Every structure is written in C-alpha cells, then in structure tokens.
Amino acid sequence: MPKNECKINELWNQSGSEKLDDIKVEYHLKSGILTKVQAFTHYSSWSAPDPDTCPWCPFKSRLEFDVAEIALEAALNNEQTDHLLDICCRCVQKSEKFTFHNHKDVCDKWDAALQHLTGFTKDIISIPFADRSWDYDVYYRDLWEWVTDLLHDPYLFPHFHFNAQCLSKFNGQTFEHFVYEPFTAQHFWDAQLQLPDGAKPLAFILYADKTKLSSFGTAKGYPVIVRLANLPTDIRNGQGMGGGYVVGWLPVVKEDKQHSSKPAWANFKATIWHKSFERILSLLAGRLRMGQWLECLDAAQCWFFPLILILSSDFEEQSMMSLTHGVRSLWPCPVCLIPYNKLSDTSCRYPLRMSCDSQAVLAIAQEKETTEEWEEVLKGYGLHDILNSFWTLSSTDVHRALSWDKLHFHSSGEWSDHLWVELQKHINGLGRDKVSRVDKNYHAFPCWRDQKHPNQVMNILFTDNSVHKDISKMIVYATHDILREADCPIGYLLLCCVRLYIELDMYALFKVHTAETISSGRHMHCAFSAILQSVDCFQQYINKMTDKSNKNWNFPKLHMDLHIFDDVEAKGATRNFNTKPNEKMHSSLKDSYLLRTNFRDVAEQILPINMWQVVADRIRHRLFEFDEAQHQADEEDLLEKDDSLVNVIYHPISTSNVFHTFDAIKEAHRDDQAFGNFRVKLNNFLNVLLPSSNIPLPEGKHIHLRGTYEITEHHFICINYKSMVDWCQHTDYLRCNPLFFENKVVLGQLIFCFRCLVGDHSFPLALIHPFDAPTGLWSQKNKDLNFFRFYSVRSSIRGAFLIPDGPSNYLVVDTADTDMFLRVKMMHLEAGHIVRV
C-alpha cells in the first residue's frame with residue numbers, strides 16, 4: 001500500500017475513537033475519496049430509488065405481464081398460448097387492460113420490451129484447414145452496451161462500486177484487514193493504479209463452457225456468460241437483474257474422424273474458439289486505450305476503462321483460454337510453470353505465467369526456420385501456436401484472470417474422482433457388513449438445512465456435484481468407527497487425509513477472509529500436502545494404485561489447490577469466481593431447447609427466449625419494488641389509525657395455539673425422564689432467572705406455578721445469530737439441536753419448547769438435554785442426577801448439527817457450515833486442545 005495511505009492508517013489507529021466491529025474503508029488514492037470509518041451496521045447501506053409507477057410497461061397492465069410471464073415460463077406453444085388468452089379474455093375484469101388475443105400479440109410485446117436491451121449479433125468466421133475453409137456461426141452481444149444498460153438501471157446503480165477499497169475491521173485493539181468482494185482485493189487495486197487519475201475500472205467476469213442440451217448429449221450448446229465485478233456478490237451471483245447474462249454462443253466443433261487426435265486438429269479447434277471469442281471482446285478492445293466517458297444516473301460524468309478481471313471455468317476450459325496443452329502437457333498448469341511430474345508436490349512454488357511472456361515465446365517460435373525448432377520452443381512452455389484473443393486486451397493478463405474453481409477442482413475433482421473412489425475401495429475390502437453400516441450411518445443422520453440427505457452412498461454413481469459436496473462433509477462421521485487404524489491402516493490414513501481436505505475446503509468456502517483466515521488456510525494446505533508427501537507407506541500406496549488402477553494422483557486439480565489463497569488475496573472470496581452460479585443457468589437453456597425449438601439452428605431460437613427471460617426478470621423486479629412500496633404505505637396508514645400496533649414485538653419462537661397445564665404435561669410424559677419434577681424445576685429456574693435479568697418477581701414473592709397453570713407449547717425456534725465468518729445476521733430454524741450459553745458455550749438437544757407467562761412478562765423457554773460432559777461420563781451422570789436443564793430461548797446462540805456416536809454420545813459436525821467450523825475451532829482452543837491453525 002502507498003506511503004500516504006500508511007500515514008492515514010497511523011492517524012486512524014491513534015484516534016482512539018474506534019468501536020468494536022467498526023469498518024474502515026480506504027479508497028484508492030486515484031479516486032480522490034478520503035478514508036472513512038463507520039459502524040458495521042451502517043456499512044454498505046443505501047437508499048432505494050422511488051418505485052416505478054408502471055413497472056409492467058411496455059405491457060398494457062400487470063395482468064398482461066403476469067399472463068405473458070406464465071406462458072414464457074411454461075414454454076407454451078402458439079396454440080396453448082392462444083387458448084390461455086381466450087380464457088383470460090372471457091374472465092378478465094374491467095379494472096385492468098387486457099388486449100392480448102393470440103400468441104403473436106404476446107411475442108410482439110416481448111419484442112417491444114427488448115428495445116431497451118442490447119440484442120445479439122450473428123457473425124460467420126471462416127478458418128482454413130485441410131485445403132478448404134470451414135465456416136462457423138458465432139453469436140454475441142455488445143459487452144459495452146450491456147454494461148451501459150446496467151449502469152442506467154436505477155435499482156442497480158446504488159449498488160455499484162467504481163473504486164478499489166482496502167477494508168479493515170476494528171477487533172478491539174487494531175484494524176484487521178479483510179477481503180470479500182473483487183473491488184476489495186489486490187487485482188482491482190492494481191488495475192486502478194494503472195489508470196489515469198479519476199478513471200474507474202469496469203471489471204468483467206467471464207465464463208464459458210459447453211453443455212449438453214439433449215438428454216443423450218448429441219446436441220450441445222456453448223454459452224458465454226458475463227457478470228460485473230463492480231456489483232456485490234449477492235446481486236452478481238443471483239438470478240435476475242444484475243446477475244449472469246448470456247452474451248455469447250460459441251460454435252461447437254464436431255469431431256472429424258479423419259483429423260481428430262492430431263495436433264493440427266487441436267490447433268484448429270483452438271483457433272475457432274479464439275477467433276469466435278475475439279468477436280465478443282472486440283467492442284471492449286476499442287475502449288482500452290482512451291477509455292469511455294459515460295453519464296451515470298447521478299448525473300456525474302465517469303471515465304471508465306474495461307478489463308477482464310476474472311475468468312471462471314473448469315480446467316479444460318482454462319487450458320483453452322490460456323492456450324496451454326492441458327493435462328497431457330509437459331507444463332499443464334495454466335497459471336504457473338510447474339513440470340507435469342511435480343503436480344503432486346504442492347510444497348514448492350514455480351514461476352507464474354504471464355501473457356507478455358507467452359507472447360514473447362510465440363514470437364521467438366515464429367522466427368525459427370524449421371517446424372521442428374518451432375514446436376520445440378512451444379513445447380518448452382506447453383503453448384499452442386495460436387494468437388490468444390485475450391491479448392487484444394492490454395489491461396488483461398489471461399493467466400492472472402484464471403481462477404481456482406471449487407465445483408470442478410474439489411467436489412468433482414479431488415473428492416469424487418480420487419479420495420472418494422479410494423475410500424470406497426478400502427470400505428468394500430472390509431466386507432459387506434461394513435459397506436452396509438456406512439449406508440446405515442448416512443440414513444441415520446438427522447436432516448439439516450441446506451444439506452442433502454442421501455440414504456445410500458456406497459457404490460452409487462452421483463452426477464450431481466452438490467451431492468458429492470455433502471457426502472464429503474459427513475464421510476468422517478460416517479466411517480470413523482469403520483476405518484480403524486488397527487483393521488485398515490492405509491484406509492485410516494486416507495481418512496485422515498480426507499479430514500484435512502475437508503478443512504481446506506471449509507477455509508476455501510469463507511465468504512470473508514481476514515489475514516488470519518488466509519494464513520490458517522495456507523497452513524491447512526501445507527498440512528494436507530505434508531500427509532500426501534511425508535508418509536512413506538501412503539506414498540507407496542499411491543504409487544501402487546497408480547500402477548494397478550491407472551488412477552493418477554499426479555493430477556493438475558491437486559496442484560491447483562496451491563493457488564487458492566493467492567486467488568483470494570487477488571480477487572476476493574472464492575464465490576466470486578466459482579462456476580456454480582453460471583452452470584445453474586444451463587438448465588433454462590436446456591429447457592428452451594427441449595420445449596421451444598425444432599432442434600435445428602437452435603441458437604437462433606434459444607437466444608431470443610433467453611432475452612425475453614431477461615426482460616421478464618427486470619419487469620418482475622420492478623413489480624416487487626412497486627408492491628413493497630405499496631405494502632409499506634399501507635402499513636404506515638394502518639399505524640396512523642391504530643397506535644396500539646406500534647409496540648408489537650417479534651419473538652424468535654414459533655407461533656402455536658397448543659396450551660397445556662403442568663398436570664397434563666406430567667401425565668403425557670410420565671415415562672420420560674427429562675420431564676421429572678418439571679414444574680418444580682421450572683419454578684426454581686424462574687426464581688433465579690428473573691432477578692438475574694433485573695426483572696422483579698411478581699408482588700416481590702417467589703414464583704410458585706401450580707399444576708393447573710397453562711403454558712403454550714411450540715415446536716421450533718427461529719434463531720438469528722451473527723456469523724463469525726462474515727459478521728452478518730444468519731438464521732437457524734431449530735427443532736432439536738440448539739446451542740445455548742451461560743458463562744460458557746453448551747451444546748444440547750431441544751426436548752420441549754414453550755412460552756410461560758409470569759406476571760406481566762412472557763418468557764420463551766426450553767427444556768434441553770445438555771451435552772457438556774466428557775465422552776463416556778455423561779451416561780452415568782445423566783442417570784444419577786436426572787440432569788436436564790431449563791434455558792431462556794433468548795440465550796441461544798445458533799443451531800448445531802449433532803449426530804449420534806453410540807448409545808449416549810454425540811459428535812458435533814463442524815463441517816455443516818463455515819461459521820460452525822470456526823466456532824468449534826474456537827471451543828477447542830479455549831479448552832486447551834491442540835488444533836491445526
């Protein structure tokens with residue numbers, strides 16, 4: 001960071017006015033904006049624009065848009081749409097306009113809505129090969145016009161960030177640096193540093209990958225999707241306005257039996273790709289040297305310079321983008337120059353590739369007199385003899401833009417193709433009983449929010465990578481008592497390796513990274529690498545399995561882990577460059593192919609439908625803002641009429657009308673040890689809770705609830721908690737496993753949840769089974785002391801995912817999410833346990 005900014009840091013650190021969790025925002029010096037410190041609750045706040053009074057335009061009414069949107073989503077054909085409109089015309093009321101009569105009317109209205117958006121252009125590229133010219137169609141949208149559409153959107157504009165920011169959070173002693181969005185990371189900062197004073201970078205995120213449109217894979221599409229790094233992740237990775245947009249459709253080259261598998265054919269396909277992609281980038285390239293002035297919605301004139309900040313793709317596509325030879329190359333990594341036989345050695349670092357170096361190598365090769373000398377030069381760097389389309393953008397280094405991808409490198413790479421395959425081999429080797437036991441363990445796991453719950457995992461081929469992700473999270477808990485060191489030493493060692501892989505994966509998932517979490521993540525990668533490299537028996541096993549099953553452990557995706565936290569420092573959290581949001585968009589393209597095309601010339605039929613969907617999303621968002629404004633206005637009118645509604649308070653406990661007396665509860669739970677002396681223990685608890693909470697006892701007397709007194713039973717608790725990862729509010733919906741605390745954190749199982757009225761105060765309470773005893777001691781302690789406790793629901797921290805480990809013990813699943821991962825690690829540290837950090 002520049003020296004002037006270091007002085008600013010010193011001034012802030014010496015001011016002494018900081019409060020815990022304050023956020024300091026240091027803007028790039030070229031932005032001309034002073035450093036500011038603000039409370040965390042005020043950070044990123046913005047004012048919404050006034051809602052559009054006619055958000056359904058250009059449709060004549062909201063009713064027309066709703067009907068047209070249904071026809072679009074359901075992919076109704078002409079006859080079906082006409083029939084739907086005939087019904088609507090007969091049923092419509094006079095309060096709203098409805099002028100549709102047939103499918104053509106609907107299509108015309110969608111096309112009218114497209115007048116405000118940049119459409120697709122079709123070009124033909126001709127590439128000579130094997131004594132003839134090959135023609136291919138490429139479709140693309142003007143990227144500059146697309147970004148102009150976003151900048152002129154009143155709902156998106158308040159969210160834009162045009163200047164690089166260095167963020168830090170006050171932890172009570174000092175400001176700790178953190179990154180999360182691309183504009184808070186190093187590459188955005190460096191990009192603005194190269195621009196003239198006052199200029200702003202417009203940073204694009206591009207994704208490209210083939211997808212199977214038909215069930216059998218005979219029809220394929222090749223979409224190019226763009227997102228804008230100047231927008232926050234929640235908008236950028238979401239659906240609808242500000243999210244991903246299809247801006248290109250590349251040609252899919254069918255394999256030719258006469259030429260396939262030849263180096264010349266590989267160069268031919270790469271040439272087609274880059275000539276096609278050059279058309280997509282061409283309209284940006286013209287604005288690189290001088291930039292482009294644009295009047296924004298706040299009437300300010302901004303000087304923008306475009307660049308490709310992030311390329312999001314799988315490994316095969318990364319090889320195509322960088323024009324490296326990929327897996328079979330002597331230098332397979334598209335980011336650095338690591339030899340192919342050193343990929344499994346993740347303890348060493350190698351020189352990084354740079355676009356200028358690749359251009360120089362190609363220039364040297366082209367000066368050689370013979371083909372053999374030419375190829376020898378390129379072979380030394382693993383490059384194709386082709387001009388890279390990204391070289392037309394002087395502000396973009398393709399190798400720096402390429403990014404680590406969790407979806408393809410971990411879930412469907414290291415885990416599904418290697419670690420999970422080898423684990424199953426060892427489990428299968430222990431016999432059918434052990435295999436069945438693994439499946440039974442998965443089946444017995446309780447359900448948890450946002451987690452898939454497969455009942456059977458062994459010897460089943462899963463194509464959904466999200467299932468693989470959830471299997472990996474639970475595998476240690478499902479097999480720790482099966483793959484024992486005494487019975488299967490290599491399998492046990494492999495399970496230890498899997499645990500390290502999962503912890504590395506958890507660090508990679510963080511939405512916000514501080515200097516401490518990045519350091520911890522790097523150390524975790526070192527630990528994972530060490531177990532692969534340092535244990536002789538494991539190395540012998542890897543070599544043996546490589547020879548025996550052709551499963552090569554010297555593979556590029558393992559090496560790519562080395563670049564995870566470099567990418568985090570350079571581009572922010574990994575969700576900024578994850579391919580998952582882009583691959584989700586494939587489903588709508590497949591639906592359009594199956595339901596809206598005649599299966600010939602599909603791009604010309606799919607892309608207009610995609611544009612209609614973009615328009616529908618935009619109008620739907622405007623309708624949402626319109627409804628919200630109307631709802632807020634109605635609430636304000638209601639409050640003005642009835643002041644008694646102002647003091648309504650929301651309690652984080654489910655509503656219910658189930659009332660029970662203490663006598664009824666005692667009878668219903670006669671055989672349940674947890675409810676022994678329920679009323680007496682509750683009286684004792686309340687007599688301690690109220691004074692400690694500075695609430696006077698009713699009439700100054702001890703509480704003595706009688707058997708006929710009624711309480712309200714509830715079935716789940718809604719807990720809002722502050723995440724340790726991103727410091728934002730998250731919500732758990734609990735039915736059985738809440739966390740509670742007094743002067744320490746206690747994990748427990750929710751037994752009974754209820755609300756009790758004492759005097760003028762209503763208390764949300766819970767009876768829990770606390771798990772605060774060492775393993776092996778709890779069972780006897782529970783029997784002897786009947787040790788169940790009451791807690792105030794307001795003392796809950798968050799939910800915890802617990803799974804049974806034997807008849808009386810439970811394991812905490814720290815891999816349930818990143819917040820729980822950090823909380824459990826913190827509990828270990830506070831208890832004095834040895835923890836990998």
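The paragraphs below go through a predicted model, from overall totals to single residues. Residue numbers start from 1 along each chain as its sequence is written, and side-chain values use heavy atoms, with hydrogens and water left out. Because the model is predicted, local features need pLDDT of at least 70 and side-chain atom pairs count only at pLDDT 80 or more, whereas totals for chains, interfaces and linings use all residues.

The protein has 27 helices and 25 strands. Both are DSSP runs numbered from the N terminus, with helices being H or I of at least four residues and strands being E of at least two. Of its 837 residues, 52% count as buried; buried means under 20% relative accessible area, exposed over 50%, and partly exposed in between, with a 1.4 Å probe and protein chains only. Accessible areas come from the Shrake-Rupley method with a 1.4 Å probe, and for residues only the protein chains shown count as cover. Among contacts (heavy atoms within 4.5 Å) with a separation of 6 or more, 67% are between residues 24 or more positions apart.

One of the sheets is open and has 5 strands in the order 2-1-5-6-14, with antiparallel pairing. Its edges are strand 2 (36–38) and strand 14 (513–514); each has a single partner strand, so one side of each is left without a neighbour in the sheet. Two strands pair if DSSP finds at least two bridges between them. Strand 1 (residues 23–27) is joined to strand 2 by 3 bridges, and the two run antiparallel. Within this pair, Val 25 has Lys 36 of strand 2 as its bridge partner.

Another antiparallel pair is formed by strand 15 (residues 658–661) and strand 16, with 4 bridges between them. Strand 16 (residues 710–714) is mostly covered, as 4 of its 5 residues are buried.

Val 476 is part of helix 15 (residues 465–479) and counts as buried because its relative accessibility is 15%. Its contacts, leaving aside residues up to four places away in sequence, are Leu 495, Val 498, Arg 499 and Ile 502. Val 813 is 337 residues from Val 476 in sequence, yet their C-alpha atoms are 9.6 Å apart in space. His 563 is in the loop between helix 19 (556–559) and helix 20 (564–571). At 5% relative accessibility, His 563 is also buried. With residues up to four places away in sequence not counted, His 563 touches Cys 333, Val 335, Cys 336 and Leu 352.

The cysteines form 0 disulfides in the whole structure, where a disulfide is a pair of cysteine sulfur atoms within 2.5 Å. Cys 166 is buried at 7% relative accessibility, and Cys 753 is buried at 3%.

At the surface, Leu 594, Leu 595 and Phe 599 make up a nonpolar patch with about 310 Å² of accessible area together. Patches consist of residues with over 30% relative accessible area and no salt bridge; like charges are joined within 9 Å, and nonpolar side chains (Val, Leu, Ile, Met, Phe, Trp, Tyr) within 5 Å. A salt bridge is a side-chain nitrogen of Lys or Arg within 4 Å of a carboxyl oxygen of Asp or Glu. Phe 599 is in the loop between helix 22 (586–596) and helix 23 (602–641), and is partly exposed at 47% relative accessible area.
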